[in-house]
Amino acid sequence: MPKYEFPKGFTWGSATSSYQIEGAAKQDGRTDSIWDRFCQTPGNVLNSDNGDVSIDHYNKYKEDVALMKELGHAAYRFSVSWSRVLPDGVGKVNEKGLQFYSDLVDELISAGIEPFITIYHWDLPQILQEKGGWQNPDSVMWFEEYSKVLFEKFGDRVKFWCTLNEPYCAAFLGYYLGVHAPGYRDLGGAILASYHLMLAHGASVRLFRKMNIPGEIGITLNFTPSYPLTDSKEDKLASTYIDGYDVRWFADAVFKGTFPQDLLELFKERGVTLPDFSELNKAAEKLDFLGVNFYNSYTYRYNENSWPFYAEIVNQAVPKTDIGWPIHSEAFEELFVRLKDEYNAPKMYITENGCAYNDVMNENGEVLDYSRINYLSRHLKAVHSAIQKGVDIRGYLAWSLFDNFEWAHGYFQRFGIVFCDYDTLKRTPKQSAYWLREVIKNNGLD
């Protein structure tokens, strides 16, 4: 028996997203998303990379599903391209686009792999962005209509649904920091977008219940825990503000129907115009599960000149991935315990966890990514420890199944457990994929 054995029935698999792997940007009626437009603007993405082709999963999905089966995966989380299904954002359905996902779902089920659908993973149709995107209150209605199309088509076959992936990134990276699509830089606008994203999530969950879909629905939130550099009052305050931004903002909305009061007061102090949040309670619909995405944590010190949180990251001498993210698996365990104790979170799935390394293939055609194996091993042991402490964690979906388009980093960073040659599109499992296959086979690790 493995030393770190997971509960019977624990779900193992991997995750991807539509814009990052599908390619086929102009095929079968798909229209531009905000990420197509973002990539077309010079300077937004490293090396001017884009997802026009990526790894062409749209045309290679059968090969990819066969590879998942070979690697022992029992679940696969993927997202649907909104503009592939509804080219105008709303209205007429593109049957060819919808059929792709129907075929993918059938292929997965035939291979014994459970499909987990993420309804929205950041690729809003550009035509809706031109109407204000997530800053437009109509976005709630748009998302509900889009959700309905998917529930009607796949509700009989798909048992697990995530409304949104990482609304933090969609709102704050897209509308405040400008490093993600649509590339805006306005904190007030980002807060407004976050509000509408939460209302859209709630509307989708209510629709799911109303339609009596025989499955489970949740949301995927990303969490980046923060730690103060010292025990000083100032460093603790800075860390607390960042915690409100990186953890509590969306967790509070989803579980309490509120935004953190300390952040609202801080934003007012900083002169940020806040919208009326009077309907935020509609975001706090009962969930069947919570999807947890975790990569790293950061340490902060107080800086009175840092806007708006009085906080700056401290670059500590700790192990880091090639993308520069600190490796801190202990924070993963602590996060799970916190979600259980502070939010009374329902059962949880790890919907993303992984690391970026600049992997290369050796002369024998192997990718010996031992650093990734070490990262995954450390984090799985943290998950095991959290389960031992009474946290109800039901599954682990590694990020990512494939090397792919990594947003503003383009194709420079590799998160996959399967190596992709971007010239030939050949897929080659890395050593980590074979290691994970053994973990899955044994339902645990030593």
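**View 1. Arg248 is buried, at 11% relative accessible area.** Buried stands for under 20% relative accessible area, exposed for over 50% and partly exposed for values in between, with a 1.4 Å probe and protein chains only. Asp262 is partly exposed, at 23%. The two side chains form a salt bridge, 3.0 Å from N to O; the term requires a side-chain nitrogen of Lys or Arg within 4 Å of a carboxyl oxygen of Asp or Glu. Arg248 belongs to helix 10 (residues 233-256) and Asp262 to helix 11 (residues 261-269), so the bridge ties parts 14 residues apart in sequence. Helices are DSSP runs of H or I with at least four residues, numbered from the N terminus.

The model is predicted: local features need pLDDT of at least 70 and side-chain atom pairs 80 or more, while totals for chains, interfaces and linings use all residues. Residues are numbered from 1 along each chain as its sequence is written, and side-chain values use heavy atoms, without hydrogens and water.

**View 2. Asp32 pairs with Lys26 in a salt bridge.** Their closest N and O atoms are 2.9 Å apart. Asp32 is buried, at 16% relative accessible area, whereas Lys26 is exposed, at 63%.

**View 3. Arg30 and Asp36 form a salt bridge.** The closest N and O atoms lie 2.8 Å apart. Arg30 and Asp36 are both buried.

**View 4. A network of salt bridges links Asp359, Asp369, Arg372, Asp403, Arg414 and Lys430.** In the whole structure, a search finds 29 salt bridges.

Note on methods
Helix = DSSP H or I, 4+ residues; strand = E, 2+ residues; numbered from the N terminus.
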